[in-house]
Structures are given as structure tokens and as C-alpha cells.
Amino acid sequence: MIKVVEISKSFGNKKVLDKVSFSINDGETFLIIGRSGAGKTVLLRSIVGLIKPDSGSIFIDGNDITNLNKDRLNDIRKNIGIVFQGNALFDFLNVEENVGFVLYHNQKIPRNKIREKVTETLKLVGLQGTENLFPYELSGGMKKRIAIARAIIYNPRIIIYDEPTTGIDPIAVDKIVSLIEDLHSKFSVTSIIVTHDLHVGLKLADRLAFLLGGKIIFEGTKDDLNELKDERIIQFMKGSSEGPIKETEV
Amino acid sequence: MGIIKNIESFFKYIGDLNIFVKNIFYWLFYGKRNFRRLIREMVFIGIDSFPLVSLISFFVGIIIAFQTAYQLKIFSSEIYIASLVALSLTRELGPVLGSLIVASRSGASITAQLGAMKISEQIDALEVMGVDPINYLVVPKFISLVISMPLLVIYADFLGILGGYIVGATKFAIPFGFYFRMTFEALVYKDIVSGMIKSIFFGAIIAFIACFEGFRPFSSSDVAKVVTHAVVRSFILIIIFDSILTAFFYFIFI
């Protein structure tokens, strides 16, 4: 279980997260939604310990990761796979080395076993046979699927997707959405999806949180969302520029 | 207010650089090394720099030979161009020119590579996967620079001397054997060793500054800025440390 308790984070005078709290149950797909620049990525980075919040706590399986040393944090990170917004594939490594990176570096597994595991994982994301290609030889959708393969190869219990459909064409978006659904049902992982794409998000989510102005203004199920009368959320769902959320407000 | 802010950011820079260097030394002794990566770095930093170093050192040797010949002609002592070329190259120009070439070629490219990795979240990806970015990315570059620099400098010295010989042989008809005898008679142990030690220091400076700057950008527009900073700051530190080391060797090796 992941529990975020009143975390706040500022950069200079700008408060990006303001006492944000929510919890994610094991095995559910949780959506964090909000406008671009709302602090979603900062929140996600805080959950994996890349950013230390100014105050508050983040509990993953009972461990407050804001107070852990690097070794303990790395132990917890072994259970988390992350798909970055820009994929973050290593340019100087081919697909096989990218996907098998964690296994090559952190575990004493023979190379042929790692190769087998890479092939198996690539098959899972529908990209078998691409082992020797380099990231610059792949399309946007393929890069995203390779990034997903790299995140799942070590069987994490939690997978985090940062804007998984940004910058790819609608057909590739559909493939990514089906892949996320497949992985979730096959491995019963906890999935956290951070996005501003409500259409994709609602298709995947069991529960969601809405981030606006650094605060969570809604947390609940899709049904709760439909019954909600909050003008700001209605405006966001409609995708209208008219309403309480101003153009400059994130 | 502006001055105070500048002083503050200067000390913050020094402090952050200090922590960064400390981390490099920590991982240098406690980190696991991937030899394939190390070789890859050495090829890029060392071997790939040979053509540029050859070209510049050879022509610098020719230039020094002509400039000294111009003065020595007054005393009819052109034969001493061999000694002057050898001494100026091994003591100063070899290490300094070699490091300036490496700082602008390899240092700039290291900063650009790390900067691009930083803004495309590749460095964050390493951290999340439990791989320390300094151990994985920086230490191999540091080792490669510290090992490659002395080798490049010896090679630069040799090419410069050869350039000097071309002038000696073609303009003043100095025989090959005689030119090289004059070269090695002028050189003493101290000249070679001080040049080598300087080049190791300069290699380390390039690694520290180029890698540190590479970890600093927050956006793609910052990458150009940090590459410029890396080259300029490496140049400044190389010249400052050259003065310090020259003074040090002057007093120590007398």
C-alpha cells in the first residue's frame, strides 16, 4: 500500500505541492490527473524518492521513504518500475542492454539467462526481434513500449507511468493503453498513472485523484467523479476554457 | 545585493563541486567497474583525440622552431632550437596544450552528453534502478582522462619535437642524429616527470568540471550554457593549476 501524507514541496517561492494526501491500495490502478504543470510529475518523483518533499511523509508498505538512507530506498525501489514521460532510454545502449539494464547491473544472473528474459519481456510488449536496435532507430510508440519492458523486466509490484500517452499517435496510444491493461491483469500489479489525458486515464483507472494548484481537490472512484458537482472538475472533463479554472492557473 | 548573491552562488558552486569530487573518489575505491565501458571511454577520450593532438602539436613544434630560430640567428646558434623546442614542449606546452585540446574536445562532449541525459531523465532512470550515476557515468570518464592525458602528452611532446626537426632539417640542415642528441641532452628527468604529473592533474580537472557541469542543466537551453561553462572553467583552472604546479616543481625539484 502507498500512503501519501500531507506532503508539500516548493521551488523557490513557488509552492508546487500543498499538503497533498491520498492512498493507493495494492493491486489497483490509480490515476493522478491534473493540468500540465499542476505538480503531477513532482508528486510522482517524490513517490520514487527522486525529490525529497519539504514536509510530509510517503509510506510504501509501511516504510516512510522520505526518511530512508540510499541503500534502504534502493531496496524499496526494487519493487517499483517507472516509465518516464520521455522514456529515458539510454541512447548509447541497444534495446537488449536497455531492457536488461537492471539485471545486467544489479543481479548475478548469467548473460544468456538475461538475454532469454529480455526476449520474453520484449514478446510481452510486442517488440520481439528489436534487441539489436538503438533507441534512435525506434518510433515514439516503440520507445514507450521498450520503456515499459525495461520497467517490468524485474517483476516490480508497483508500476508508475508518467504521461504514458504524451507525444505518440492515436493508434500507438491505443496499443499502450491495451498493454497497460494487459500487464495489470496478468501480473496484478499496482499501477499509478500520471496524466492530463482524461479519456485515457478514465479508461484505465479504478480510482483517481485530481490535482489542482498543488492540492488534491478530489479522490475517489470513477462513479464518485461522475456524481461530483465541482465546477472545476466539470470544466476539466469538458475540456472547456470557460469556467473557474483560469488559463494561467495550474 | 547582486554582489552578495554572486558571492553566495560562488561558494555554493564550490561546495557542490567539492561534494561531487568526494563522491567520485568514494565510488572510485568502492564501486564495481565495467571494463567494457571503461575501454569505450578510453577510446573516445584518448585514442580519438590523437589526430587533433597530432595536428596541433606538430604545427606548434614548427612554430616554436621558427620563433626561436629567429632569435637564435642573431647569435648564430640555430642549433639550439632542438633544445628549446624540447624544453618548452615537455615542461609547458605539451601538458597545457594537450589538456586544452582535450578540455575543448572531450570535456565539452562529456558535458553535452551528461546534460542531455539529465534533461531526458536518463540520470533519474539510473537512480531509480539503483545504479549510482556517478559510479556508472562519471568514474569511468575520470579514470580514462587521468590515464589518457599523460599518454597524449608524451605523444604531443614527440610530435612537437618532430615538427621542430622538420624546420631544423629543412631550413638549417641539422642532421637527424644531431638534432635528437641535442633534444635529449637538454631534457632532464624533472622535465618529463613534471609534465606527466601536470597532465594527470589537468585530466582530473577536466573530468571534475566537465562531469559536474553535465549534471547541472534543467532544460535543453541550459545544455549550451553548461557546455560553455565547462570549457571556460576547465581552461581557467588548468592555467591556475599550471602556475601552482610550475612554482611547486621549481622549489621541489631544484
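Which residue in β2(A) stands opposite A:V4?

Author: A:F22 stands opposite A:V4. Bear in mind throughout that this is a predicted model.

Strand β1 covers residues 2-11 of chain A, and strand β2 covers residues 14-24 of chain A. The two run antiparallel, and seven bridges join them. A second pair to look at is A:K9, whose bridge partner in β2(A) is A:L17. Now follow the chain through the turn. β1(A) and β2(A) form a hairpin with two residues between the strands. A:G12 takes a positive phi there, near 65°.

β1 and β2 belong to an open sheet of four strands in chain A. The order is β2-β1-β4-β5, and the pairing is antiparallel. β2 and β5 of chain A are the edge strands, and each pairs on one side only. β5 covers residues 63-64.

Strand β9 (residues 207-212) and strand β10 (residues 215-221) of chain A run antiparallel, with six bridges between them. A:F210 has A:F218 as its bridge partner in β10(A). Two residues lie between β9(A) and β10(A). A:G213 sits in that turn, and its phi is positive, about 60°.

Chain A holds ten helices and ten strands. Its radius of gyration is 18 Å, close to the 18 Å that the globule rule gives for 250 residues, so chain A is as compact as a globular protein of that length. Its C-alpha trace spans about 55 × 40 × 35 Å along the principal axes. Buried residues make up 39% of the 250 in chain A. Take the contacts in chain A between residues at least 6 apart in sequence: 64% of them join residues at least 24 apart.

One helix of chain A can be checked by its length. Helix α7 covers residues 170-187 of chain A, 18 residues in total. At 1.5 Å a residue it should span 26 Å; its end C-alpha atoms are 26 Å apart, so the two agree. A:S188 follows α7(A), with a positive phi near 45°.

How far does the predictor trust chain A? The mean pLDDT of chain A is 88, and 97% of the residues score at least 70. Among the elements of chain A, helix α3 (residues 95-99) has the highest mean, 95. Helix α10 (residues 231-238) of chain A has the lowest, 74.

Now cross to the partner. Chain B has nine helices and zero strands. Its elements, from the N terminus on, run α-α-α-α-α-α-α-α-α. The C-alpha trace of chain B spans about 70 × 50 × 35 Å along its principal axes. Of its 254 residues, 41% count as buried. Among contacts in chain B with a separation of 6 or more, 88% come from residues 24 or more positions apart.

Helix α3 of chain B (residues 50-72) repeats the length check. Its 23 residues should span 33 Å at 1.5 Å a residue; the end C-alpha atoms are 32 Å apart, which agrees. The buried residues of α3(B) include B:V53, B:V60, B:I64 and B:A69. B:G61 and B:T68 are among them too. These buried residues pack against α4 (81-119) and α6 (133-172) of chain B.

Last, the place where the chains meet. The contact takes 14 residues from chain A and ten residues from chain B. On the side of chain A that touches chain B, α2 (70-77) and α4 (101-106) are the elements that give two or more residues. α4(A) gives the most, with four residues. By class, that side of chain A has eight nonpolar, four polar and two charged residues.

B:E127 lies in helix α5 (residues 122-128) of chain B. B:E127 has 19 other C-beta atoms within 10 Å, so it is partly exposed; a buried residue would need 20 or more. Leaving aside neighbours within four places in sequence, B:E127 is in contact with A:L50 and B:P133.

Conventions
Residues numbered from 1 in each chain as written. Chains lettered and ligands numbered in written order. Predicted model: local features only at pLDDT ≥ 70, side-chain atom pairs only at ≥ 80, totals over all residues. Contact = placed C-beta atoms within 7 Å. Nonpolar A, V, L, I, M, F, W, Y, C, P; charged D, E, K, R; others polar. Pairing = 2+ DSSP bridges. pLDDT = per-residue confidence, 0-100. Expected span 1.5 Å × (residues − 1). Rg over C-alpha atoms; globule rule 2.2 N^0.38 Å. Buried ≥ 20, exposed ≤ 12 C-beta atoms within 10 Å, placed from the backbone.
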